Amino acid sequence: MTPRQARTLRIAAASVVLVALGAVLAVRLASRTSVLVVGVYGLAMILCGIVIELSRHGRTRLGTYLLGAGLAAALAADWLLLP
């Protein structure tokens with residue numbers, strides 16, 4: 001895979017995750033309105049934006065690691081912090 005293809009793939013993956021997190025945020029807010037819900041999913045969405053920018057500037061490995069760690073942290077926070 002060429003570096004350009006890798007960047008495009010990471011940008012597409014982060015964009016899909018960003019849209020999915022937006023949908024999950026809307027569902028979670030419909031069931032329970034909480035600042036903590038907005039905080040957890042808002043930070044995860046900001047992280048996706050950071051990954052997109054890192055990928056645009058050629059830092060695809062760092063973006064991939066950050067996206068994986070950030071999504072794991074968001075899922076853990078959802079499971080541990082949110083009722």
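Let's start with helix α2: at 1.5 Å a residue, its 22 residues should span 32 Å, and the end C-alpha atoms are 31 Å apart, which agrees. The model you are looking at is predicted. Its protein chain has three helices and zero strands, and from the N terminus on the elements run α-α-α.

**The whole chain**

- Taken along the principal axes, the C-alpha atoms of the protein chain fill a box of roughly 45 × 20 × 15 Å.
- The protein chain has 83 residues, and buried residues make up 28% of them.
- Look at contacts between residues at least 6 apart in sequence: 62% of these join residues at least 24 apart.

**Helix α1**

- At 1.5 Å a residue, the 29 residues of α1 should span 42 Å, and its end C-alpha atoms are 42 Å apart, so expectation and model agree.
- Which residues of α1 are buried? They are A6, A14, V17, L21 and L25.
- These buried residues of α1 pack against α2 and α3.
- V16 also sits in α1, but V16 is exposed, with a relative accessible area of 57%.
- V16 and V51 are 35 residues apart along the chain, and their C-alpha atoms are separated by 12 Å.

**Helix α2**

- The buried residues in α2 are V37, V40, Y41, A44, L47, C48, V51, I52, L54 and S55.
- Seen down the axis of α2, the buried residues fall within an arc of 170°, so they line one face of the helix.
- What do the buried residues of α2 pack against? Their partners are α1 (3-31) and α3.
- Leaving aside neighbours within four places in sequence, S55 is in contact with R7, R10, I11 and T60.

**Helix α3**

- With 22 residues, α3 reaches 30 Å from its first C-alpha to its last, close to the 32 Å expected at 1.5 Å a residue.
- In α3, the residues T60, G63, L67, G70, A74, A77 and D78 are buried.
- Seen down the axis of α3, these buried residues fall within an arc of 110°, so they line one face of the helix.
- The face of α3 turned away from the buried side carries the exposed residues R61, Y65, L75, W79 and L80.
- What covers the buried residues of α3 includes α1 and α2.

**Where α2 meets α3**

- The axes of α2 (residues 35-56) and α3 (residues 60-81) come within 9 Å and cross at roughly 175°.
- Angles over 145 degrees count as roughly antiparallel, and therefore α2 is roughly antiparallel to α3.
- On the α2 side, the residues that meet α3 include L36, V40, Y41, A44, L47 and C48, along with I50, V51, L54 and S55.
- On the α3 side, the residues that meet α2 include T60, L62, G63, L66, L67 and G70, along with L71, A74, A77, D78 and L81.
- By class, the contact of α2 with α3 has 16 nonpolar, four polar and one charged residues.

Definitions and conventions:
Residues numbered from 1 in each chain as written. Predicted model: local features only at pLDDT ≥ 70, side-chain atom pairs only at ≥ 80, totals over all residues. Heavy atoms only, no water. Axes fitted to C-alpha atoms, helices over the stretch in contact; angles between N-to-C directions. Helix = DSSP H or I, 4+ residues; strand = E, 2+ residues; numbered from the N terminus. Parallel < 35°, antiparallel > 145°, perpendicular 65-115°, else oblique. Contact = heavy atoms within 4.5 Å. Nonpolar A, V, L, I, M, F, W, Y, C, P; charged D, E, K, R; others polar. Expected span 1.5 Å × (residues − 1). Buried < 20%, exposed > 50% of the residue type's maximum accessible area, 1.4 Å probe, protein only. Arc of directions from axis to C-beta.
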